[in-house]
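Student: Hi! Could you walk me through this one?
Tutor: Happy to, let's take a look together.

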Amino acid sequence: RGEPLLSLIKPLQSVEEVRARLVADYGIHNADEAHDYIDFLLSGFRSTGLDDQLMEPSEATRALFVDIATALSIDPKTVETVQSTYAWDLGEAAQVAKMGLWANYFTRQEVWNYLEQVSESAQRLGRDWYDYTLSYIMGRTMEHQPLGEIRQAINQVYHLSHTDLGRIEGLDAYLRYRFVINKDSTGMSVKSQALR
């Protein structure tokens, strides 16, 4: 989304516009519903249902593996190694948490608490950033969101083309920001995240 990784920058939309998006995209009308929705996503219940389809893939799921691999220009066997769609839940939980802040439903501290839970879950459930990215894409497309709509975006994110994304030349977030964070450090800050 072109957002900074380590800060919460308010979008250009008004509080009313963000609230309208929460209703339209997630059916969230107030702070209680936002908390409930994030708790549901963090529970992993939704992704667990999708994961059953990964364990014994149907022909449609196998075709999706090939479509994703083609979109990313990678071997389909790489996609077949995805064991969970956990990242789809976690990515959406992070987005709803930030939107909750912008809608004045959450405090900054509540959002950072949610983001910390997202980070801890990702580290527990995933192997690395590539696994996380594939997990997110699998979940999103298995939830019947057309791959065609996000084909270019996922290719750019997976391969991190700084030219396409307008990123800083030489910055590879997959290397700069370790997937597993040393909890004894100062947290997710640029200073504490040395290049591997």
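**Chatting about helices**

Tutor: Let's start with Gln156, which is found in helix H9 (residues 147-159); helices here are DSSP runs of H or I with at least four residues, strands are E runs of at least two, and both are numbered from the N terminus. Bear in mind that this is a predicted model, where local features need pLDDT of at least 70 and side-chain atom pairs count only at pLDDT 80 or more, while totals for chains, interfaces and linings use all residues. Residues are numbered from 1 along each chain as its sequence is written, and side-chain values use heavy atoms, with hydrogens and water left out.

Student: Is Gln156 buried or exposed?
Tutor: Gln156 is buried, with a relative accessible area of 13%. Buried means under 20% relative accessible area, exposed means over 50%, and partly exposed is in between, using a 1.4 Å probe and protein chains only.

Student: And how far apart are Gln156 and Leu72?
Tutor: In sequence they are 84 residues apart, but in space Gln156 and Leu72 are 8.6 Å apart, C-alpha to C-alpha.

Student: OK, H4 next. Which residues of H4 are buried?
Tutor: In H4 (residues 59-72), the buried ones are Thr61, Leu64, Phe65, Ile68, Ala69, Ala71 and Leu72. Seen down the axis of H4, these buried residues fall within an arc of 160°, so they line one face of the helix. That arc is taken from the directions from the helix axis to the C-beta atoms.

Student: Why would residues a few places apart point the same way?
Tutor: An α-helix has 3.6 residues a turn, so residues three or four places apart point the same way.

Student: What is exposed on the other side of H4?
Tutor: Glu59, Ala60 and Thr70 are exposed there.

Student: What do the buried residues of H4 pack against?
Tutor: They pack against helix H3 (45-55), helix H5 (76-80), helix H8 (129-142) and H9. Contact here means heavy atoms within 4.5 Å.

Student: Which residues does Thr61 touch?
Tutor: Thr61 touches Gln53 and Leu54, leaving out residues up to four places away in sequence. Thr61 counts as buried, at 6% relative accessibility.

Student: What comes after H4?
Tutor: H4 is followed by Ser73, whose phi is positive, near 55°.

Conventions
The expected span of a helix is 1.5 Å times one less than its number of residues.
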